[in-house]
Amino acid sequence: MLTEDEVKEVIILSASANKLAKLKGHAATYASLIMEELDPDDRGYIEIWQLETLLRGMVSAQAPEKLKRTTSSLARTMIPSRYRSPLKRHLSKTVDFIHENWKRIWLVTLWLVVNLALFVYKFEQYKRRSAFQVMGYCVCVAKGAAETLKLNMALILLPVCRNTLTTLRSTALSHVIPFDDNINFHKIMALSIAIATAIHTLAHVTCDFPRLISCPTDKFMATLGSNFHYKQPTYADLLQSVPGVTGILMIIIMSFSFTLATHSFRRSVVKLPSPLHHLAGFNAFWYAHHLLVLAYILLVVHSYFIFLTREWYKKTTWMYLIVPVLFYACERTIRKVRENNYRVSIVKAAIYPGNVLSIHMKKPPGFKYKSGMYLFVKCPDVSPFEWHPFSITSAPGDENLSVHIRTLGDWTSELRNLFGKACEAEVTSKKATLTRLETTVVADAQIEDTRFPRVYIDGPYGAPAQNYKKYDILLLIGLGIGATPFISILKDMLNNLKSNEEVESIHGSEIGSFKNNGPGRAYFYWVTREQGSFEWFKGVMNDVAESDRSNVIEMHNYLTSVYEEGDARSALIAMVQSLQHAKNGVDIVSGSRIRTHFARPNWRKVFSDLANAHKNSRIGVFYCGSPTLTKQLKELSKEFSQTTTTRFHFHKENF
Ligand SMILES: Cc1cc2nc3c(=O)[nH]c(=O)nc-3n(C[C@H](O)[C@H](O)[C@H](O)COP(=O)(O)OP(=O)(O)OC[C@H]3O[C@@H](n4cnc5c(N)ncnc54)[C@H](O)[C@@H]3O)c2cc1C
Ligand code: HEM
């Protein structure tokens, strides 16, 4: 338990260590302020480092009122939540959760409320109908569920209208709608469709049908006779009717395509024995998803021929579907039209160590994009139907458009082979260094080239990193090929720097303060397993090292596969590296002017250094790579946002 005197002592010690006479002089006041702000049950648990952080905040907050405010807000966040009372812990977690997720929360709440309202509306409507006298609450439940089904079958198409979403991302709507979560919303709606289908089917088959069949004939004829052409149906009649058959077909199609759409099947986690192995993987998911067109047709037919509503104008399914279906149809039409327009001519292709293919294309007229966006690539020689997404690695101001493609599965391997052949046919540059096992093979096309396979592109499409200009500072973290979206951002920043310098050199001090909007500084951490990876973006790295005289971009390369940190060999390499660097400014590992570190970055230190260097700033943390690091980076962003005056906003790229 810390007493007020102990707190005072810590303050005096900390003030002496930090040479802060002012703090020392006011130690007693600060100590009592801190004690006042802390709840009695929290006092004993405040740790020395937390006190120090608290004090740093107080010292920087100068004015007494502000000081008091800072103390109380810091005191609230400083106490580790595990030490708080269960109620407080719960409350603070809830507040954090709401703060982080408010965009998702309001959207999901609105969606739930609309679903509930529709369910209740239909439920109540059927309670007043004659069918209720025969089937009771079962028919109300079945109809309520069906109403939400119509809504969600319509809404599910909106989060996958990529062109519309890309446009909307750049509008003020992005402040209230979490566009990055589009696929998650799509999945939530798919889940609700599955649940509503189950409820609707079970209510009909296990409850409504038996009651309808066993209803006394005179009651049936008086209540529902006209709906069934005055013939009481049997179970077989109901199943063989249009609604019965279309319903069964819909369930089969949905079960099939939903199963193949699950993460395990889509990512081929499930390994099926031959010849069923084709039923897993992205392509199987993709083609099975297209079967859902049939489900839409069946749904319209199903609801048109239902027994209980005869009048066409009461059949509302098409009304729900028409707008989203038209939207999505436009989306596909735009893609098709673009596909014809966007056959690109290839300017250069290169195959790098680590099986990465870079394709540099002429920018099609009208193709405008922001750094961080991605595009789809189709190569008919590999597959006439498949489109694969890749982040754009060129900057918007560059003359050409480029992507870097890492070989992963069938499609990327085949593409690499085709380009490999084309590159080998006319290798214009070949190089090998002592340390490199593989070589980089590059081919340039001076004029319209027929040597390269035909390539079509579609896009650009929006991604989280495109909003990087919103932040004062950027922390870009790429794992392996996950560096691609950030390369474009770095190039863009570099182009802006260069154009600023040009303007300044022409206009001198007149316009010396001219600055482009956007982040003032970027830190790029690139973690890769193989040394050869540095070849992929060596050009950019050298460009940064040479052109960035004001040190706006800080690059850190990490090589994780060679030796562990602290290993004698890594120390030796670091020494040789230093000597080499001192001699000619080139790092022996990356072959560029950027220093390479051996081992994984210490992320806590990275965050803490940034928080110290950029107080009161908004730092955009963008991460692209395997999901293993996501949690840690997200938590560090949260922790340092709460315990320092720097705000870290975490974004994950979904590769
Ligand atoms: C927005 C985005 C940006 C990307 N940027 C890059 C990049 O810059 N460089 C890079 O090397 N890779 C990038 N990828 C990953 C790349 O799209 C896949 O590696 C590639 O499609 C694999 O295809 P494959 O048939 O060779 O491999 P497969 O073994 O068939 O697929 C491997 C995995 O890739 C994914 N995938 C396959 N086909 C598609 C598709 N048509 N659409 C979406 N995902 C698919 C699936 O999750 C699948 O499990 C990006 C992915 C996304 C979603
Ligand atoms: C009635 C149900 C569903 C309908 C109508 C539907 C429809 C669609 C459509 C139209 C697309 C866009 C394809 C494109 O144009 O690019 C899509 C994409 C997608 N769907 Fe569904 N879907 C349904 C169910 C599901 C389910 C159950 C899942 C997963 C559990 C799922 C996961 C996905 C994913 C991950 C994508 C994105 C593919 C990509 O672009 O990477 N869908 N869906």
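**Entry 1, the iron atom.** I looked up the iron atom of ligand 2 and found it coordinated by His 186 (NE2) and His 289 (NE2), at 2.0 Å. I note here that the model is a predicted one. What is the geometry of the site of the iron atom of ligand 2? The site has 6 donor atoms, the angles among them run from 86 to 179°, and I wrote it down as octahedral.

His 186 is in helix H11 (residues 182-213) and His 289 is in helix H16 (residues 282-290), so the pair ties together parts that are 103 residues apart in sequence.

**Entry 2, H11 against H14.** I stayed with H11 and checked how it packs. Two packed helices are described by the angle between their axes and the distance between the axes. For H11 and helix H14 (residues 242-261) the angle is about 145°, and the axes are 12 Å apart. I recorded the crossing of H11 past H14 as left-handed.

Which residues make the contact? From H11 I listed Ala 190, Ile 193, Ala 194, Thr 197 and Thr 201. From H14 I listed Ile 251, Met 254 and Phe 258. Sorting the residues of this contact by type gave me 6 nonpolar, 2 polar and no charged.

I then stepped back to the totals. The chain has 24 helices and 15 strands. It holds 655 residues, and 47% of them are buried. I also looked at contacts with a separation of 6 or more: 72% of these in the chain are between residues 24 or more positions apart.

I found Thr 148 in helix H9 (residues 137-155). Its relative accessibility is 9%, so I counted Thr 148 as buried. What does Thr 148 touch, leaving aside its neighbours within four places in sequence? I found Asn 115, Phe 119 and Ala 196. For Thr 148 and Ala 196 I also took the distance: they are 48 residues apart along the chain, and their C-alpha atoms are separated by 7.1 Å.

With a relative accessible area of 25%, Lys 103 is partly exposed. Not counting residues up to four places away in sequence, I saw that Lys 103 touches Ser 174, His 175, Val 176, Ile 177 and Pro 178. I also checked Lys 103 against Tyr 523, which is 420 residues apart from it along the chain, and the C-alpha atoms are separated by 28 Å.

I moved on to a strand. Tyr 558 is part of strand E12 (residues 553-559). The relative accessible area of Tyr 558 is 11%, so I put it down as buried. Leaving aside neighbours within four places in sequence, I listed the residues in contact with Tyr 558: Tyr 525, Trp 526, Val 527, Thr 528, His 597, Ala 599, Arg 600 and Pro 601.

The peptide bond from Gly 459 to Pro 460 is cis, and its omega is near 0°. Pro 460 belongs to strand E9 (residues 455-461).

Where is His 229 found? I located His 229 in the loop between helix H12 (217-223) and helix H13 (235-240). Its phi is near 50°, which I marked as a positive value in a residue other than glycine. The relative accessible area of His 229 is 65%, so I wrote exposed, the cut-off being over 50%.

Tyr 230 is also in the loop between H12 and H13. Phi of Tyr 230 is positive, about 55°, although this residue is not a glycine. At 55% relative accessibility, Tyr 230 counts as exposed.

Methods:
Residues numbered from 1 in each chain as written. Chains lettered and ligands numbered in written order. Predicted model: local features only at pLDDT ≥ 70, side-chain atom pairs only at ≥ 80, totals over all residues. Heavy atoms only, no water. Donors = N, O, S within 2.8 Å, 3.2 Å for Na, K, Ca; no water. Tetrahedral: all angles 85-135°; square planar, octahedral: opposite > 155°, others 65-115°. Helix = DSSP H or I, 4+ residues; strand = E, 2+ residues; numbered from the N terminus. Axes fitted to C-alpha atoms, helices over the stretch in contact; angles between N-to-C directions. Left-handed = near helix turned anticlockwise from the far one by under 90°. Contact = heavy atoms within 4.5 Å. Nonpolar A, V, L, I, M, F, W, Y, C, P; charged D, E, K, R; others polar. Buried < 20%, exposed > 50% of the residue type's maximum accessible area, 1.4 Å probe, protein only.
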